[in-house]
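Hello,

Here is the structure we talked about handing over. Please open it first, then read the notes below.

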Amino acid sequence: MIRFLESYGRICLPQGMRRAAGIEANSRVKISVEGDAIVISKCEHRCSNCGAPSIPGKKCDLCGTPN
Ligand SMILES: [Zn+2]
């Protein structure tokens with residue numbers, strides 16, 4: 001599939017691809033570069049202390065542990 005990249009670098013991810021990857025609207029995604037490809041994947045970062053979903057570099061909402 002080929003999509004148009006908007007002037008600010010935005011792109012719409014097709015719903016079918018998001019569903020297949022388990023990525024829901026308003027969820028966090030991980031963006032990385034692998035060679036000449038940009039890879040968008042489901043963010044599955046978890047707190048190192050309690051295992052709750054968390055944001056890298058922020059304190060865990062559940063236990064307060066820095067992640
Ligand atoms: Zn935690």
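**What was found**

N26 counts as exposed, because it has 4 C-beta neighbours inside 10 Å. The cut-offs are these: a residue is buried if 20 or more other C-beta atoms lie within 10 Å of its own, exposed if 12 or fewer, and partly exposed in between, with C-beta atoms placed from the backbone. N26 sits in the loop between α1 (15–21) and β1. Its phi is positive, about 65°, although N26 is not a glycine.

Some ground rules. This is a predicted model, in which local features need pLDDT of at least 70 and side-chain atom pairs count only at pLDDT 80 or more, while totals for chains, interfaces and linings use all residues. Residues are numbered from 1 along each chain as its sequence is written.

Now the chain as a whole. Helices (H or I, at least four residues) and strands (E, at least two) are DSSP runs, numbered from the N terminus. Along the sequence the pattern is α-β-β. The C-alpha trace spans about 45 × 25 × 20 Å along its principal axes. The radius of gyration is 15 Å, whereas a compact globule of 67 residues would have one near 11 Å. That radius is taken over C-alpha atoms, and the globule rule is 2.2 Å times the number of residues to the power 0.38. Of the 67 residues, 3% count as buried.

Next, the strands. β1 (residues 29–34) and β2 run antiparallel, joined by six bridges. Two strands pair if DSSP finds at least two bridges between them. I31 has I40 in β2 as its bridge partner. The hairpin of β1 and β2 has two residues between the strands, and G35 there takes a positive phi near 65°. How many of the six residues of strand β2 are buried? The number is zero, so β2 (residues 37–42) lies largely in the open.

Last, the segment after β2. S48 is in this segment. S48 is exposed, with 12 other C-beta atoms within 10 Å. Leaving aside neighbours within four places in sequence, S48 is in contact with T65 and N67 (C-beta atoms, placed from the backbone, within 7 Å). S48 and P66 are 18 residues apart in sequence, and 8.6 Å apart in space, C-alpha to C-alpha. I55 is also found after β2. I55 is partly exposed, with 13 other C-beta atoms within 10 Å. I55 and E6 are 49 residues apart in sequence and 27 Å apart in space, C-alpha to C-alpha.

Best wishes

Technical notes:
Two residues are in contact if their C-beta atoms, placed from the backbone, lie within 7 Å.
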